[in-house]
Amino acid sequence: MSNRGSPQENGESMNRETENEDSGDINGPVHEAAESQHSNNDNHEGERRTKRIIRRHVWNYLFLFSCVIAAIVDPLFFYIPVINDSKRCLLLEKKLWTAVFVFRMVTDVIYLVHIALRSRMDFKICVKTRSNICCSNTNLCASVRRCFSFLIDVFVVLPIPQVVFPFIFKEMRSTRPSEIIKSLNTLVLFQYVPRIRQIYLSWRNLPRNAGKLDGWIKALFNFFLYILASHVIGAFWYFFSIQRETACWHLVCGNLNGCGNSFSCANTDSSVNYEFLDDRCPINTPNTTKFNFGIFLEALQSGIVQSSNLPQKFFYCFWWGLRNLSSFGQGLQTSNYLWESCFSIFISILGLLQFLYFLENLKTYIKLATKSSDKNGKTSKEEHKNRRGKINWKARKLLPCFQPDSRRKKEKSSQSKGTSDGDAMLPSSSAT
């Protein structure tokens with residue numbers, strides 16, 4: 001029996017479908033509405049994902065900018081102390097202290113927000129994968145790396161300069177020698193190194209285009225590191241110069257009883273005359289037998305340690321750091337003081353590392369340039385071959401009489417072969 005209905009039944013079914021469509025029955029296009037709703041949901045989800053990616057990129061740029069500002073601002077703490085040469089006392093620049101303190105607090109708040117966002121992202125990944133990131137046995141190396149990075153971030157965000165520098169200034173203004181200053185200086189230096197590491201990690205995570213633009217970005221980053229290193233070395237040189245002069249004062253006052261209780265300019269004792277320090281700690285007419293200032297003598301003789309003009313001090317110290325970093329510290333004449341020798345060695349090694357990093361980036365850039373030129377040459381050759389083939393095909397199609405000799409020979413050989421085959425198929429005369 002046939003499954004096809006009668007014409008009357010088919011006509012009635014068609015009439016019912018048209019009536020349903022005319023009456024606005026929603027049972028028909030339910031599937032289409034569901035598909036349109038699903039596509040709208042996909043579009044909204046794609047828009048939300050795009051917005052999240054944009055916000056993440058904006059935050060990464062903001063965080064990188066805050067890290068750069070923090071790396072530039074932190075060495076300004078070393079420019080706060082100033083020596084009053086006439087009274088032989090130590091004073092502090094309160095305006096500079098307030099400005100640097102505020103900038104450091106702002107960058108620390110941004111860093112705390114970054115730590116919170118990254119911890120939230122790690123927690124979401126932990127919930128999705130249903131595994132503990134910091135205690136997973138399957139991926140122990142990644143867990144240890146994450147925990148170590150978190151501890152470094154916590155160490156970086158600690159307000160060490162805000163707490164440590166007042167103790168350093170207090171020990172410097174005392175009239176007795178102290179060994180605590182060296183430990184506090186080392187603590188400040190150890191916190192500054194992870195900040196440079198965070199700048200490198202944030203820069204590496206930014207989206208970049210491959211090729212020549214990436215090479216230029218690496219070159220600019222290398223130049224920024226070179227300038228930042230010169231700035232940091234100059235700030236340390238200024239601060240260590242003041243520490244070296246106060247160390248001479250401490251050495252003299254440790255052997256005499258004629259000194260007061262403090263070298264602070266706010267609490268100077270008018271009854272104490274510190275003119276004898278000019279003879280025991282000679283600067284204008286240096287005497288290495290009494291006290292050797294070494295590489296810090298230039299800062300003391302130039303008068304920048306007595307100046308309250310920040311741009312003057314900053315650019316002079318920056319030039320000193322840039323000059324010795326570019327020459328790998330070859331012009332430094334050090335004394336037999338241990339920490340002065342370590343500082344000079346650090347300058348020489350840092351300059352060498354900067355130069356090697358520049359050579360590595362230059363090598364990478366040359367490789368990328370040669371690869372791109374080879375690709376361009378290959379593509380140009382392929383395009384030339386394709387263009388030549390198209391021209392030859394058009395010429396053969398339009399002018400078949402102007403064909404190459406090889407093609408003519410092939411056609412002649414095929415024709416001769418065909419005639420020989422035909423002659424072979426014909427019956428011979430002897431047979432007939």
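Visitor: Which element gives the largest share of the lining of the largest cavity?
Guide: Helix α6, with four residues. Helices here are DSSP runs of H or I with at least four residues, numbered from the N terminus. A cavity is a set of points on a 1 Å grid, over the protein atoms alone, where a 1.4 Å probe fits but cannot get out; lining residues have an atom within 4 Å of a point. This is a predicted model: local features need pLDDT of at least 70, side-chain atom pairs count only at pLDDT 80 or more, and totals for chains, interfaces and linings use all residues. Residues are numbered from 1 along each chain as its sequence is written, and side-chain values use heavy atoms, with hydrogens and water left out.

Visitor: Which residues line the largest cavity?
Guide: D74, P75, F77, F78, R104, P161, F165, V188, Q191, Y192, R195 and F236. Two elements give two or more residues each: α5 (160-173) and α6 (180-205).

Visitor: What volume does the largest cavity have?
Guide: About 100 Å³. The volume is the space filled by probe spheres set on the grid points, which are joined across faces, edges and corners.

Visitor: Back to α5. Which of its residues are buried?
Guide: I160, P161, Q162, V164, F165, I168, F169 and M172. Buried means under 20% relative accessible area, exposed over 50%, partly exposed in between, with a 1.4 Å probe and protein chains only. P161 and F165 also line the largest cavity.

Visitor: Switching to I115. Buried or exposed?
Guide: I115 is buried, at 10% relative accessible area. It lies in α3 (residues 94-129).

Visitor: What is I115 in contact with?
Guide: F150, D153 and V154, leaving aside neighbours within four places in sequence. Contact means heavy atoms within 4.5 Å. I115 and V154 are 39 residues apart along the chain, with C-alpha atoms separated by 8.4 Å.

Visitor: And E298, where does that lie?
Guide: In helix α9 (residues 297-302). E298 is partly exposed, with a relative accessible area of 29%.

Visitor: What does E298 touch?
Guide: W237, Y316, W320 and R323, not counting residues up to four places away in sequence. The side chains of E298 and W320 are joined by a polar contact of 3.5 Å. A polar contact is a pair of N or O atoms within 3.5 Å; within protein, one must be able to donate a hydrogen and the other to accept it, and residues adjacent in sequence count only if both atoms are side-chain atoms.

Notes
On a 1 Å grid over the protein atoms alone, a cavity is a set of points where a 1.4 Å probe fits but cannot get out, and a pocket is an open set with protein on both sides within 12 Å along at least five of seven lines; lining residues have an atom within 4 Å of a point.
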